[in-house]
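Please read them with the coordinates open.

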Amino acid sequence: MWEWIRLTNNKKKPTQSKHGSHPPKNMEESIPALINRMEQSKDFIKWTIEGPTSCILSYYTTLVDSKIVNRHILPTIKEEKRSSLDELQSYLPLEKMIMTDDPEKIKNYLLQGFVFIQMEERHSQGLLIPASKREGRKISIPEVEFSVVGPKEAFVESIDTNINLVRKRITKTQLTIEEVSVGSYTETRIAILYIDEIADKENVQTVLQRLHNINYDQVIDSSFISQMISDNSNSPFPLFLDTERPDRTVEALIEGKISIIVDGSPHSIIAPSTFTEFLSSSDDYFIPWPLASTFRLIRLFAVLFSVLITSLYVAVLTHHVEMIPDQLMATIVTSRANIPFPPILEVIILEFAIELLREAGARLPSKIGQTIGIVGGIVIGTAAVDAGLTSNVLLILVALGALASFTTPVYQFSNTIRLIRFPFIIGAQIWGVLGIGIISAFLIGHLIQLKSIGRPFLAPLYPTRLKDLKDAFIRLPFNKQYTRPFEVRPTDPTRFNKSLADEKRDIDE
């Protein structure tokens, strides 16, 4: 096809030294040595093009788009009048080409899908041409944060596509994007998005400093970053909001928050975040505010119910039997007549069975997982009651508690609810209702101490800020939300002019 192209196969074997097959990192590597080392990989090739001036192309075939090479680069090189790299650069119909003699820069760009061209092998300078292959998933609907109304776009694994989804919604030059690379092996691109005239500079510097301080060999997903820059990595509570929705990310940016997008992850991290944000859903802003407020209160009640219901069952049956009404006592006594276990063991057995069903349903393929969840719950629950391992009253309570934990819109927060119910069960077994109160005090104290990039996690509840409660457990109408949340310290706290929003004018036809 290309008769004048010769693929060099004389690859040298790596020379062993006391440092191994690769040169030590503190020694500068020449360009010929760098190319020779990269040739040890089967997907790296070096083409020698014979002509008036010898030309060498080096690149990774798995990272480079062959159409760009065959349609744009090779036909231009074939012309004899291209006798220098400067002339070649002026005639190539491509952008962002780089002329360099820095081996480290050449290595980094070759690993990003660039083609490296030298006019002669002995020349130290070469031309880097962008020709990267873009493979990825197309934009689809949200799978975790699905909404009945509102936008139906979700982030994908491409960082450039995700930034595009944000930029097309914020048509202002104030939207600023800074980029860093993290991971000694993966060198993952991480974009930090914020609106320059709104976001607090201290928050931005805190995020940038923590990202620069990361010393780890790989970053695969945004969850790696949220754990590495967290204010308290030992807390079971997620301190950063993780979302797959571009519209929710844009909403956070306009409030003065910061978004972190990781290449290869279909999620965006929002910082700083507060406890109340994990109880709010995107649907809350697409429906009238009375309905949205009601649903948020239902979610709050569901979280409390899921955490406390089984521990209250253990506390009442173990220490406070006198609290049970007489009519209800007969039902409980009948249901527990043939059960040989104390309430604490009965609860642990059933909770453990529910957790097994959850994990099995989550790890199996979607169609099989749904079947396992439904059939397994019915079969195991019925068999446990018939076998006398648990009471039907507890089965109903545990099932309702598990169902209530799924009402939280954020998946990471539902996992936290699954975990923190067990300390309450143990406290209820030891001290009864007093034990539940003690564990609650420890939990509230822990929440008060938590911070998200240095900002209070429990705001606006603690410290109390009444103005910020307008979009906490209830959502007031949009015309009442004329200020941005104070806990993020926005540079411009005013969202719009309140007096103009309150005016209602009759327009005469």
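1. Helices here are DSSP runs of H or I with at least four residues, numbered from the N terminus. In that numbering, α7 (222-228), α11 (343-363) and α14 each supply at least two residues of the lining of the second largest pocket. The model is a predicted one.

2. Among the contributors to this lining, α14 gives the most, with five residues. The lining of the second largest pocket has 22 residues, and those nearest the centre are V144, Y411, Q412, S414 and N415. The space in this pocket is about 650 Å³. By class, its lining divides into six nonpolar, nine polar and seven charged residues.

3. Helix α14 (residues 411-431) also packs on helix α9 (residues 289-319): their axes come within 8 Å and cross at roughly 15 degrees. Angles under 35 degrees count as roughly parallel, and α9 and α14 are therefore roughly parallel to each other. The crossing of α9 past α14 is right-handed. On the α9 side the contact is made by V303, S306, V307, L308, T310, S311, V314, A315, T318 and H319. On the α14 side it is made by F413, I417, I420, R421, F424, I425, A428, Q429, I430 and W431. The residues of this contact comprise 13 nonpolar, six polar and one charged.

4. Helix α9 has a contact with helix α13 (residues 392-405) as well; the two axes come within 7 Å and cross at roughly 155 degrees. With angles over 145 degrees counted as roughly antiparallel, that makes α9 roughly antiparallel to α13. In this case α9 passes α13 in a left-handed crossing. From α9 the contact takes A302, F305, S306, I309, T310 and Y313, and from α13 it takes V393, L394, L397, V398, L400, G401, A404 and S405. Ten of the contact residues of α9 with α13 are nonpolar and four are polar, with no charged residue.

5. How many cavities of 30 Å³ or more are there? The count comes to three. About 310 Å³ of space lies in the largest cavity. Its lining has 25 residues, of which E255, K257, E277, Y285 and D471 lie nearest the centre of the cavity.

6. Helix α8 (residues 246-254) provides the largest share of the lining of the largest cavity, three residues. By class, the lining of the largest cavity has twelve charged, seven polar and six nonpolar residues.

Key. Residues numbered from 1 in each chain as written. Predicted model: local features only at pLDDT ≥ 70, side-chain atom pairs only at ≥ 80, totals over all residues. Heavy atoms only, no water. Axes fitted to C-alpha atoms, helices over the stretch in contact; angles between N-to-C directions. Parallel < 35°, antiparallel > 145°, perpendicular 65-115°, else oblique. Left-handed = near helix turned anticlockwise from the far one by under 90°. Contact = heavy atoms within 4.5 Å. Nonpolar A, V, L, I, M, F, W, Y, C, P; charged D, E, K, R; others polar. 1 Å grid on protein atoms, 1.4 Å probe; cavity = no way out; pocket = protein on both sides within 12 Å on 5 of 7 lines; lining within 4 Å. Points joined across faces, edges and corners; volume = space filled by probe spheres on them.
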